[in-house]
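Dear colleague,

Please find below the structure that I am handing over to you, with its sequence. My notes on what was found in it follow directly after.

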Amino acid sequence: MKICVIGTGYVGLTTGTVLADLGHEVYCVDKDKLKIETLARGEVPIYEPGLSELIVRNKDRELLHFTTDIRRAIQKCPVIFITVGTPANEDGSQDLTAINEVIKTLAEEITSHKTIITKSTVLPGTNEKIIETLIDKGIDSSMFDLISNPEFLREGNAVYDMFHPDRIVVGVKRKESMKIVEELYEKLDAPYIITSLTGAEMIKYASNAFLATKISFINELSRICDAYNVEITDIANALGQDKRIAPYFLQAGLGFGGSCFPKDVRALEYAAKQKNIVPEILTAVQHVNDTQVDVYIEKLMTHFTKLEGKKITVWGLAFKPETDDTRESRALVLIKKLLVKGAHIQAYDPIVQLPQKSITVHHDIYESIRGADVLIIATEWNQFKTVDWKKVKDLMKGDILVDGRNIIDPKRIESYQFQYIGVARQ
Ligand code: UGA
């Protein structure tokens, strides 16, 4: 099948590349000329494990093409994926500039039947509006099918997730348009959840909001456990073994970040308010997340009268391991708050090398720790689990280790004479 994928962010790029690997002929489109040139050379502008090899392989098989010529790609392909960004406005509403631009171009270029598939995360009701817009622009409804097919790709695991979905969610207007979807994903082994356009949009928000709720729940619980000297990992383990709860997304820590959870919880809250519904849980989920970093700053304050002038090393800047993405990263939120308190920040991340005026980012993990009063692990990169703790301790001036992701065994670390602060670890 000839497929055009509009937008080459991590969703578009992964979707397009995997579809090519499944045997389709894919044209990935972006208006960023530099990005397209880079991709056409087989270089990948984002860090996503496994993606680069797959791009090169399918480029060589001539199944994967990169172009800035959106009009030609639309004309060539009967199937169009929309995977452009939908950034959030302050109030949780969405900036649909990129989607609207694509729809405008589509309306100008539709001369044969197109199956248009929205993968971008959009607020409930958006796909119905897209249909109205296309019809308003003079496109006969028989000339296109619009499908909502939200993505559930985790950054850092996007390729795996695309090949092994738990389910494929498809919102359709007409049941017959499922034929194309079944052909597209023929080689994937996953059940279909077929619903309305708005139902599919809602499933996407519900999934992310529920996962975020699990995280804020375990983080709130960690505060209570701490007060009762209870080990949070025991609680999470026990909860997770109840099949009704499941063990995932119960890792207590500094909170959730990234380009999806914070934005999507805010968006669902906004959607509820638009219909005069007071979304109490969604608001609380965000509040716990926003204050989780403060809990650990307060813990630090019990060791020092003030943080002014203290040298604090932060390990991990990405919002989670295996990505170079720092959007809404808790590490950056934490750093910002520590800077306000007058601390000097030095940082290290295996991938992220942020050019920053206010902090020093080191290329060497051990250099980053030299002379530090405090070490904070903000992101659970594997590398941090296997460092030479004796060397770390010797390089530090102080002895406080804040394990913001509970990746260190507190018993083991104490033999190196650290004062260990974990997330409800006993
Ligand atoms: C998330 C969803 O997991 C994907 O299914 C979805 O497709 C994607 O959003 C999206 O909407 O595009 P992602 O943002 O890549 O994926 O990251 P996650 O692995 O879900 O982690 C999100 C945040 O939660 C991270 O900051 C992570 O550190 C935190 N987290 C996760 C915890 O604090 N505790 C946990 O137990 C799990």
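Leu254, Tyr296, Ile297, Leu300, Leu334, Ile376 and Val402 line the second largest cavity of this predicted model. A cavity here is a set of points, on a 1 Å grid over the protein atoms alone, where a 1.4 Å probe fits but cannot get out, and lining residues have an atom within 4 Å of a point. The second largest cavity holds about 30 Å³ of space, a volume being the space filled by probe spheres set on the points, with grid points joined across faces, edges and corners. Its lining divides into seven nonpolar residues, no polar and no charged. For these classes, Ala, Val, Leu, Ile, Met, Phe, Trp, Tyr, Cys and Pro count as nonpolar, Asp, Glu, Lys and Arg as charged, and the others, Gly among them, as polar. Helix H12 (residues 280–301) gives the largest share of this lining, three residues; helices (H or I, at least four residues) are DSSP runs numbered from the N terminus.

On conventions, residues are numbered from 1 along each chain as its sequence is written, and side-chain values use heavy atoms, with hydrogens and water left out. As the model is predicted, local features need pLDDT of at least 70 and side-chain atom pairs count only at pLDDT 80 or more, while totals for chains, interfaces and linings use all residues.

Domains and the spaces they share

The domain assignment gives domain 1 (2–195) and domain 2 (196–426), with bounds that come from an automatic or database assignment. The centres of the two domains, taken over C-alpha atoms, are separated by 32 Å. In contact across them (heavy atoms within 4.5 Å) are 37 residues of domain 1 and 27 residues of domain 2.

Two cavities of 30 Å³ or more were counted. The largest cavity has a volume of about 40 Å³. Residues of its lining include Thr118, Asn127, Ser148, Pro150, Glu201 and Lys204. By class, this lining has three nonpolar, six polar and two charged residues. Domain 1 and domain 2 each supply at least three residues to the lining of the largest cavity, and helix H9 gives the most, with three residues.

The second largest pocket contains about 1000 Å³ of space. A pocket is an open set of points with protein on both sides within 12 Å along at least five of seven lines. The pocket has 43 lining residues, and the closest to its centre are Gly9, Thr83, Val84, Gly85 and Thr86. Helices H1, H5 (97–109) and H11 (261–274) are the elements that give two or more residues to this lining; H5 provides the largest share, four residues. The lining of the second largest pocket comprises 13 nonpolar, 14 polar and 16 charged residues. Because both domains give residues to the lining, the second largest pocket lies between them.

Helix H1

What do the end C-alpha atoms of H1 say about its span? The twelve residues of H1 (residues 10–21) should span 16 Å at 1.5 Å a residue, and the end C-alpha atoms are 16 Å apart, which agrees. The expected span is 1.5 Å times one less than the number of residues. Twelve of the twelve residues of H1 are buried, so the helix is largely enclosed by the rest of the structure. Buried means under 20% relative accessible area, exposed over 50%, and partly exposed in between (1.4 Å probe, protein chains only). After H1 comes Gly23, whose phi is positive, near 110 degrees.

Individual residues

The contacts below do not count residues up to four places away in sequence.

- Asn208 is found in H9 (residues 197–227) and is buried, with a relative accessible area of 8%. Asn208 touches Cys260, Phe261 and Asp264.
- Pro262 is placed in H11 and counts as buried at 6% relative accessibility. Pro262 touches Phe256, Gly257 and Glu328. Pro262 and Val352 are 90 residues apart in sequence and 21 Å apart in space, C-alpha to C-alpha.
- Leu239 is placed in helix H10 (residues 232–240) and counts as partly exposed at 22% relative accessibility. Leu239 touches Phe217, Ile218, Leu221, Ile245 and Leu250. The C-alpha atoms of Leu239 and Gln75, 164 residues apart along the chain, are separated by 52 Å.

With kind regards
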